[in-house]
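I opened this structure for the first time today. These are my notes, in the order I looked things up.

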Amino acid sequence: MELLNQIQGGDVLVIRMQEDNLDASNVRVFRESMQALIKDKTKVVLDMSSLKFVDSSGLGALISCLRDTNGRKGDFRLSNMSRPVLALFELMRMHRVFGIHETAEGAVASFS
C-alpha cells in the first residue's frame, strides 16, 4: 500500500493514495498504514484521486480514520473522489458524515 504524505498549510497532513481500490483485499494494510501516519495529527486530508472503487470494508476503514482524528478533537476530510466513489458515498449517505472536497487544496483551506 503506497500512501504519499506531506504537510500543507502549516499543520494539515495530506495523504495521497496510490491505489485503484480500497476493499477487503487491502483494507487491513491501509488501516495499519493510516494509523501510523495519523496517530498524532488532528488535521488530515485523504486525496482519493487514484481510487476507482471502495467497498464496505473500505468505508469502515475510512470511518475508523475519522473516529481516530475526532477522538483527538480533530477532523479527517476527503478530496478528489472519482464519480463512482462519490456516488457510493452519496448512496450510503456518507457525504453527511465526512467533509468531502473537490480538491485537496480546498480541503486544506477549509481548516482555516
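Is Lys 43 buried, partly exposed or exposed? I looked up its relative accessibility, found 23%, and so put Lys 43 down as partly exposed. My scale calls a residue buried under 20% relative accessible area, exposed over 50%, and partly exposed in between, with a 1.4 Å probe and protein chains only.

Before going on, I noted the ground rules. This is a predicted model, where local features need pLDDT of at least 70, side-chain atom pairs count only at pLDDT 80 or more, and totals for chains, interfaces and linings use all residues. Residues are numbered from 1 along each chain as its sequence is written, and side-chain values use heavy atoms, with hydrogens and water left out.

**Entry: salt bridges**

Side chains of opposite charge can pair when their charged atoms come close. I count a salt bridge when a side-chain nitrogen of Lys or Arg is within 4 Å of a carboxyl oxygen of Asp or Glu. The structure has six salt bridges.

Lys 43 forms a salt bridge with Asp 11, at 3.1 Å from N to O. Lys 43 sits in strand E4 and Asp 11 in the loop between strand E1 (3-8) and E2, so this pair ties together parts 32 residues apart in sequence. Helices (H or I, at least four residues) and strands (E, at least two) are DSSP runs, numbered from the N terminus. Asp 11 is partly exposed, because its relative accessibility is 41%.

Lys 52 and Asp 20 also meet in a salt bridge, at 3.5 Å from N to O. Lys 52 lies in the loop between E4 and strand E5 (53-54), Asp 20 in the loop between E2 and strand E3 (21-22), so parts 32 residues apart in sequence are tied together here. Lys 52 counts as exposed at 53% relative accessibility. Asp 20 is partly exposed at 46%.

Arg 83 pairs with Glu 90 in a salt bridge, with the closest N and O atoms 3.7 Å apart. Arg 83 is exposed, at 54% relative accessibility. Glu 90 is partly exposed, at 35%.

Why is strand E4 largely enclosed by the rest of the structure? E4 covers residues 43-47, and four of its five residues are buried, so the rest of the structure largely encloses it.

Next I checked its partners. I call two strands paired if DSSP finds at least two bridges between them. Strand E2 (residues 12-17) pairs with E4 in the parallel sense, over four bridges. Ile 15 has Leu 46 in E4 as its bridge partner. E4 also runs parallel to strand E6 (residues 75-79), with five bridges joining them. There, Val 44 has Phe 76 in E6 as its bridge partner.

**Entry: the E1 and E2 hairpin**

E1 and E2 run antiparallel and are joined by six bridges. Gln 8 stands opposite Val 12 in E2. The two strands form a hairpin with three residues between them. In the turn, Gly 9 has a positive phi of about 60 degrees.

**Entry: Val 27**

Which helix holds Val 27? I found Val 27 in helix H1 (residues 27-38). Val 27 is buried, with a relative accessible area of 12%. I then listed its contacts, meaning heavy atoms within 4.5 Å. Leaving out residues up to four places away in sequence, Val 27 touches Leu 22, Ser 57, Gly 58 and Ala 61. Last, I looked up Val 27 and Ile 63, which are 36 residues apart along the chain. Their C-alpha atoms are separated by 12 Å.
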